[in-house]
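The following exercises ask you to read a chain from its overall form down to single residues. Work through each task before you consult its solution.

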Amino acid sequence: PGTTTSYDVYSTLANWISSAASLVSATTPPSAPSSVTLVGGGTGSAYVDAGNASGVEIDVTLPATSTSSDTVHLTISDGTTTVTPTTKPGLNSSGTVAFTGVNLSSLVDGQLTITAWSTNSGGSSTTVTATPKKDIVAPAPTVTVPATSSYVASLTPTISGTAGTQVADSGHSADAGTVTVKLYAGATATGTVLQTLAGTVTGGTWSVTPTTMTGNAQYTAQVSQSDAAGNTGTATTTFVIDSQASTVTVTAPTAGSTTTSLSPTFTGTAGNQAADTMHSADSTTVTVKVYAGATATGTPVQTLTTTEASGAWSVAASSALTAGSTYTVQASQADGVGNTGTSAAVTFIAGPVPPVALKFVNLSGGLLSGVLETGNVEMIDVNGNPVVNTFGSTITVHITGGLLGATGNVTIATGQTVSTGFSIVLGLGGVFTGTTTTPVNGQILTGHT
């Protein structure tokens with residue numbers, strides 16, 4: 001093969017028809033393939049990526065002079081190791097011979113050289129080459145905010161993280177300058193995508209803000225970033241949006257009441273929500289503020305803290321309040337993401353207001369001797385205001401009246417300010433005197449009329 005052979009050709013009549021004729025049989029090498037192409041290897045078919053490294057397709061395009069008796073050869077090399085797929089026959093015309101399932105896993109990342117040629121009995125064609133790169137390393141984006149298993153209060157939480165910044169070189173394709181963030185309901189990146197967001201990579205970081213989401217629910221955010229070879233890296237974070245504040249109340253003192261102590265104990269209820277897939281944990285600390293006056297405004301006169309236990313709280317005033325003065329108390333409690341619940345403001349009077357005297361009220365009758373006088377006795381404070389009997393027992397007041405020396409007793413029941421009624425005959429020029437028979441809050445009270 002490959003040499004020129006001369007033949008003498010005779011006719012069957014033994015007469016010369018021609019002489020010195022020359023033919024060539026299977027001695028001319030085939031024409032070279034017109035191109036060799038890596039199929040589906042990333043941007044512009046220029047890369048072998050992680051997805052196809054174990055089974056790429058390489059197409060060899062043959063010219064019109066190709067014949068099925070030709071043999072098509074292919075090699076792929078990283079400069080050290082060479083992969084040589086099984087040869088394939090040529091075609092009886094122009095067309096493409098596909099080498100499928102070519103495993104390039106043994107080659108290292110970087111520049112590859114693909115060489116294709118044809119042979120026949122006459123020899124080898126010249127070669128054609130392609131020089132794709134192998135890059136199976138995907139970018140490695142991360143989600144750093146919100147942190148995994150964290151809780152956030154905002155319905156539009158900022159989602160941010162890091163991203164790859166690889167530039168194209170001899171061994172790598174370029175990482176994309178954008179990331180894609182998908183939001184899913186629940187603890188996994190599966191099911192219906194609620195939102196798809198695009199973020200720009202700047203200095204190796206990215207940040208996106210979703211549209212308004214539903215509170216008190218769990219979500220998973222998945223970020224993905226690709227490179228020019230078609231490799232894609234992903235990362236996820238699962239978090240809970242908690243938009244519900246703790247519920248806290250003040251149960252004592254009650255609105256409009258007078259306390260039984262100038263250093264009252266404040267009580268109420270509080271949230272004790274445990275952390276779950278819908279809520280952060282309520283704080284165990286309850287803050288109680290006491291304000292002077294009838295509103296919860298201005299600077300508190302006392303700020304107290306206490307610990308919630310089984311949904312209840314209790315704390316005593318840090319110092320005595322001013323007797324008879326009006327105060328307002330309000331409690332607050334936060335949860336794990338800073339949602340703060342605040343109780344209704346409760347206005348009360350600091351007490352007990354010590355009674356300082358007795359006052360005769362509802363008097364009727366005359367001031368003449370022998371006239372029947374009726375009325376009641378009331379306890380009053382320094383301001384002349386009625387004082388409620390909160391001293392634990394009935395108060396007895398002994399009444400004496402005038403020159404005739406009429407006497408009688410009336411009582412002020414627990415929870416009352418005014419005594420039972422009396423009816424006494426007044427003596428001429430007489431004066432009624434009322435005196436408690438036992439000390440009240442440490443003192444004997446007296447009144448005159």
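Two strands pair if DSSP finds at least two bridges between them. Strands (E, at least two residues) and helices (H or I, at least four) are DSSP runs, numbered from the N terminus. The model is predicted, so to speak of local features requires pLDDT of at least 70, and side-chain atom pairs count only at pLDDT 80 or more, while totals for chains, interfaces and linings use all residues. Residues are numbered from 1 along each chain as its sequence is written, and side-chain values use heavy atoms, with hydrogens and water left out.

**Exercise 1. Describe the open sheet that contains β31 and β34.**

Solution. Step 2: find the edges. Strands β32 (406-412) and β35 (446-448) each pair on one side only. Step 3: state the twist, which averages 20 degrees from one strand to the next. Such angles run from 0 to 180 degrees between N-to-C directions, with axes fitted as lines to C-alpha atoms. Step 4: examine one pair. Strand β31 (residues 395-401) and strand β34 (residues 432-436) run antiparallel and are joined by 5 bridges. Within the sheet, valine 397 stands opposite threonine 436 in β34.

As background, the strands of a sheet pair through backbone hydrogen bonds, in either a parallel or an antiparallel manner.

**Exercise 2. Why is the chain more spread out than a compact globule?**

Solution. Step 1: count the secondary structure, which comes to 0 helices and 35 strands. Step 2: compare the radius of gyration with the globule rule. The chain has a radius of gyration of 51 Å, well over the 22 Å that the rule gives for 449 residues, and it is therefore more spread out than a compact globule. This radius is taken over C-alpha atoms, and the rule is 2.2 Å times the number of residues to the power 0.38. Step 3: consider the box filled by the C-alpha atoms, roughly 190 × 35 × 30 Å along the principal axes.

**Exercise 3. What surrounds asparagine 376?**

Solution. Step 1: locate the residue. Asparagine 376 lies in strand β30 (residues 371-380), and asparagine 376 is buried, with a relative accessible area of 13%. Step 2: list its contacts (heavy atoms within 4.5 Å). Leaving aside neighbours within four places in sequence, the partners of asparagine 376 include Phe360, Asn362, Thr420 and Phe422. Step 3: identify polar contacts. A polar contact is a pair of N or O atoms within 3.5 Å; within protein, one must be able to donate a hydrogen and the other to accept it, and residues adjacent in sequence count only if both atoms are side-chain atoms. The side chain of asparagine 376 makes such a contact with the side chain of asparagine 362 (3.1 Å), and it reaches the backbone oxygen of threonine 420 at 3.5 Å.

**Exercise 4. Is glutamine 333 buried or exposed?**

Solution. Step 1: glutamine 333 is found in strand β26 (residues 326-335). Step 2: with a relative accessible area of 1%, glutamine 333 is buried. Step 3: its side chain reaches the backbone nitrogen of glycine 271 at 2.8 Å.

**Exercise 5. Characterise the loop between β14 and β15.**

Solution. Step 1: proline 146 has its place in this loop, between β14 (133-134) and β15 (150-152). A cis peptide bond joins valine 145 and proline 146, with omega about -5 degrees. Step 2: serine 149 lies in the loop between β14 and β15. Although serine 149 is not a glycine, it has a positive phi of about 70 degrees. Step 3: serine 149 counts as exposed, at 60% relative accessibility.

Definitions and conventions. Buried means under 20% relative accessible area, exposed over 50%, partly exposed in between (1.4 Å probe, protein chains only).
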